[in-house]
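Subject: Structure for you to look at

Hello,

Here is the structure I said I would pass on. My notes on helix packing and aromatic contacts follow below it.

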Amino acid sequence: MTTTPSYKNGLDVPRIRADFPILKREVKPGVPLVYLDSAATSQKPTPVIETLDRYYREYNANIHRGIHKLAEEATAAYEEARDKIRRFVNAKSAREIIYTRNTTEAINLVALSWGRANIGKDDVIVLTEMEHHSNLVPWQMLAAEKGARLEFIPVTDGGELDLAALDRLLELKPKLVSFTHVSNVLGTINPVAEIAAKARQISAVVLVDGAQSVPHMPVDVQALGVDFYAFSGHKMCGPTGIGVLYGRQALLEAMPPHYGGGDMIKRVYLREFKPNELPYKFEAGTPAIAEAIGLGAAVDYLKSVSLAAIQAHEKEIIAYALERLEEVPGVKVYGPPAEKRGGVAAFTFDGTHPHDVAQVLDADGIAVRAGHHCAMPLHDRFDLVATARASFYLYNTTGEVDKLVEGLYKVKKLFG
Ligand code: C6P
């Protein structure tokens, strides 16, 4: 058995764990929670929880409407959070930061607005085989509506994108290239800047699904050279119900609004309207005010820890996890080696169904996810119906990896 290494990355994990009240929880008497499901949603630190609490206790009001004190405070906090997020991903302007409910809604916004206005019959959209359903289904719906064609960058046996195939697909002159930064199943970190540069040469628009990257590594949308970048607050220590679409201003300016209603208008007449300026053009109706402000607090928290340190910590944890999982006879982990992946390990375990694996682990307080993880075509690619998945974040320890491995030996005993 490998001995547990000490962390080389400088992250004070015990101190970080103290910031997350839920991690003190026992799932039953004497059985502490081992939370290995942060790719589904992360836990929330006290500063985020307190920010939500303070909003409702002290300045709950609708934004951009009232001229009273509370409305002013709520509006200021909502817009301050937008600017924090802008700086976090290095967008040029806060106008380029559109609040959405989550990554899914951000991608649908692009499909409904940019897609409907720019994609026509026989136009090509390039996606990849490793996409989450959120970055597949909206394009399937658009392609069906417009008669457009979907093409896919294949995934290699090692769980990486086949970039030679990308070169061939770019010869089809796609209008859009849309792909995930980090796979939620394989953990693969895709070379975003390289793909975006190639796509730009043929003037394709580039959308990146950042659901599994923004929480875990420094992201600079300008350096990456992307047009759209989508992510979710709940996976980055923030509340549920809030997400972000980053879009290049020139593109967003040219796009029609996708939803109609309050806030997204400058002037309404009985038979027509004039849309509001950015970013409000895409924020119809009363938004998730508390959640946006809470996301601002999550950004402050992640910055105070340092994204570079979080990434280094996850690299250590995943390297250790891959090494330990390999020791367990019958376990097969999918995806590339630790250097090329984020903190995600999806695996199968001989003939045992992943749901049984997850259930046995759950009895010991170990939370992993089992299923297709909203990536059915990727599971088809590997001839799988489901996998079990452990995913790690800043608060996880190598001791928790050891518990996972102990749990898997229990599974082996039970199911032979
Ligand atoms: N993946 C998982 O357990 P939403 O639900 O909109 O916040 O995020 C959707 C999404 C989009 N892209 C990627 C790469 C994702 O991983 C997710 C969410 C979760 O893997 C829930 S299915």
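A polar contact here is a pair of N or O atoms within 3.5 Å; within protein, one of the two must be able to donate a hydrogen and the other to accept it. Please keep in mind that the model is predicted.

At the start of helix H6, a side-chain oxygen of Asp162 comes to within 3.2 Å of the backbone nitrogen of Ala164. Helix H6 spans residues 163–170, and its buried residues are Ala165, Leu166, Leu169 and Leu170. These residues lie on the same side of H6, because they cover an arc of only 140° around the axis. Their cover includes strands E5 (124–128), E6 (149–153) and E7 (176–180), along with helix H7 (192–201).

Now the aromatic rings. The structure holds eight aromatic pairs. One of them is Tyr78 with Tyr99, a tilted pair at 4.7 Å centre to centre with 50° between the planes. This pair links distant parts of the chain: Tyr78 belongs to helix H3 (residues 69–89) and Tyr99 to strand E4 (residues 97–100), 21 residues apart. Both Tyr78 and Tyr99 are buried.

Tyr393 and Tyr395 form an edge-to-face pair, because their planes stand at 75°, over the 60 degrees required, with ring centres 5.6 Å apart. Tyr393 and Tyr395 are both buried. Together with Phe20 and Tyr301, they make up one aromatic cluster.

There is also a charge over a ring: the charged end of Arg381 sits over Phe382, 4.7 Å from the ring centre.

Regards

Definitions and conventions: Residues are numbered from 1 along each chain as its sequence is written. This is a predicted model: local features need pLDDT of at least 70, side-chain atom pairs count only at pLDDT 80 or more; totals for chains, interfaces and linings use all residues. Side-chain values use heavy atoms; hydrogens and water are left out. Buried means under 20% relative accessible area, exposed over 50%, partly exposed in between (1.4 Å probe, protein chains only). Helices (H or I, at least four residues) and strands (E, at least two) are DSSP runs, numbered from the N terminus. The arc is that of the directions from the helix axis to the C-beta atoms. Contact means heavy atoms within 4.5 Å. Rings of Phe, Tyr and Trp (its six-membered ring) pair if their centres lie within 6.5 Å; planes under 30 degrees apart count as stacked, over 60 as edge-to-face and the rest as tilted. A charge sits over a ring if NZ of Lys or CZ of Arg is within 6 Å of the ring centre and within 35 degrees of the ring normal.
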